[in-house]
Structures are given as structure tokens and as C-alpha cells.
Amino acid sequence: MLRHYFISSDLDDLEKVEQELEAEGITEPQIHILSEKDADVENHHLHEVEPVLKQDVVHSTEIGAVIGFVISSATLMLAYEMGWTETAAGWLPFIFLAIVILGFCTWEGGFIGIQKPNVHFERFQELLHKGKHVLFVDVDSNQEPVFAKVINAHPKLEPAGLGSATPHWVVRWQDKFHSFMKTMP
């Protein structure tokens, strides 16, 4: 899948684009609107980006976990090399310390990430502050022709580049989950 980004200041047009994309078989989990005007996006019944995904929580948590793993591993190696694991306490306190370090670094990474915009959306921050909206659509290669047809019918959309998309299997799982939720009473 490939992610297509577009800039617009017209939510009415974005609503039409979204409806037309869905009519052509591009599903709800593939279409998102990034905006600072969440209430307006919701009033237009557009698929907005989840608030937690607007921040860099996931990416920063992963970085924190990697750093925590490295520090935890170094702690265990240091304890072994210094011979501290051969005491009566053995490995247990060092394993516990390594787990605490890993957990703390992971938590701290997420905490730092919640204070920053998502790394994939940083380039749009100035436009968002000016009241613009970002439409991004994750498109399979077999959906490209219908996607292009819909997008070309809306000249107000300003192309803003391409990026890596949500993995295909995640989008399909989200489709199945939405279908299941619609069957619930």
C-alpha cells in the first residue's frame, strides 16, 4: 500500500471526496483527515485521525523500548562481568533491575512522544496551524485507477506527497472489525 497526502481548506469538498472513495471500494480505515479543527471534521462526518495518533507516542515508545533493551542488556552484562551474579542473591536482583530499566525507558519514551507531533505529520504542522486540513489515503496498487479518477475530479485538492501506508493486513483487520461492530445490536 502507498499513502497519498493532499491539502485542502474545504471540508465540504473533503466530505464529497471521502464519500466517492468509499463508493469506489476504498474503505473507511484507508481514509483519514488530519486537522486541528476536530469539531468541524466531526460535524462533516469525516474519518479523523485518532488523537493519540496525532502525537508521536507509538514511535517514541518504540525508541524508548530499544534504548531500555540496550541499557538492560548492558546492566546484565556488567553484573555478570563484575561477578556480582555469583553472590548469594544470584541473578534475581539484576534481572529485576533490567526489567525496571526496560519498563522505565519504554514509559519515558511514550511520555516524551505524547508531547510531540507524530513524526509522519510534522511537515504539515504549519499548514494545520493556518486552518488547512490534510487528507491521506492508503491505497492498494489495484485501487490506484479508481483513486486517481476520484482525486482528479476534485481540483481543490493540493497534492502533498507520498508516504508509507498502514500495512495491508492491518487495514483488512480494521475492515473486518468495523463489519463485525456494525452487526452488533
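Asp10 is buried, because its relative accessible area is 18%, where buried stands for under 20% relative accessible area, exposed for over 50% and partly exposed for values in between, with a 1.4 Å probe and protein chains only. The structure is a predicted model, in which local features need pLDDT of at least 70 and side-chain atom pairs count only at pLDDT 80 or more, while totals for chains, interfaces and linings use all residues. Residues are numbered from 1 along each chain as its sequence is written, and side-chain values use heavy atoms, with hydrogens and water left out.

The side chain of Asp10 meets that of Lys156 in a salt bridge, with 2.8 Å from N to O; the term stands for a side-chain nitrogen of Lys or Arg within 4 Å of a carboxyl oxygen of Asp or Glu. This pair links distant parts of the chain, 146 residues apart, since Lys156 belongs to the loop between α7 (144–152) and β4 (158–164), and Asp10 to the loop between β1 (2–8) and α1 (11–23). Helices (H or I, at least four residues) and strands (E, at least two) are DSSP runs, numbered from the N terminus. In contrast to the buried Asp10, Lys156 counts as exposed because its relative accessibility is 54%.

A salt bridge also joins Lys54 and Asp38, whose closest N and O atoms are 2.5 Å apart. Lys54 lies in helix α3 (residues 51–54) and Asp38 in helix α2 (residues 38–43), so the pair ties together parts that are 16 residues apart in sequence. Lys54 is buried, with a relative accessible area of 15%, whereas Asp38 is partly exposed at 31%. In the salt bridge between Lys130 and Glu126, the closest N and O atoms are 3.4 Å apart, and both of these residues are exposed. By this rule, the count of salt bridges comes to six.

Although Asn118 and Lys54 are 64 residues apart along the chain, their C-alpha atoms are separated by 5.4 Å. When neighbours within four places in sequence are left aside, Asn118 is in contact (heavy atoms within 4.5 Å) with Leu53, Lys54, Gln55 and Asp56. A polar atom of the Asn118 side chain lies 2.8 Å from the backbone oxygen of Leu53.

The loop between α2 and α3 holds both His44 and His45. His44 is buried, with a relative accessible area of 19%, whereas His45 is exposed, with 62%. The side chain of His44 makes a polar contact of 2.8 Å with the side chain of Asp12; such a contact is a pair of N or O atoms within 3.5 Å, of which, within protein, one must be able to donate a hydrogen and the other to accept it, and residues adjacent in sequence count only if both atoms are side-chain atoms. Residues up to four places away in sequence not being counted, His44 touches Leu11, Asp12 and Glu15. His45 has a positive phi of about 60° although it is not a glycine.

A nonpolar core is a set of buried Ala, Val, Leu, Ile, Met, Phe, Trp, Tyr and Cys residues joined through side-chain atoms within 4.5 Å. The largest such core has 17 residues, and those with the most contacts inside it are Leu14, Val17, Leu21, Leu135, Val137, Phe147 and Leu157. At least two residues of this core come from each of α1, β2 (31–34), β3 (133–139) and α7, with α1 giving the most, namely four residues. Apart from this core lies another of nine residues, among them Tyr5, Leu34, Val49 and Leu128.

Gly64, in helix α4 (residues 57–81), is buried, with a relative accessible area of 5%, and its contacts beyond four places in sequence are Cys105, Thr106 and Gly109.

On the surface, Trp173, Phe177, Phe180, Met181 and Met184 form a nonpolar patch with about 540 Å² of accessible area together. Patches are made of residues with over 30% relative accessible area and no salt bridge, like charges being joined within 9 Å and nonpolar side chains (Val, Leu, Ile, Met, Phe, Trp, Tyr) within 5 Å; accessible areas come from the Shrake-Rupley method with a 1.4 Å probe, and for residues only the protein chains shown count as cover. Within this patch, Trp173 is found in helix α8 (residues 168–183) and counts as exposed because its relative accessibility is 53%.
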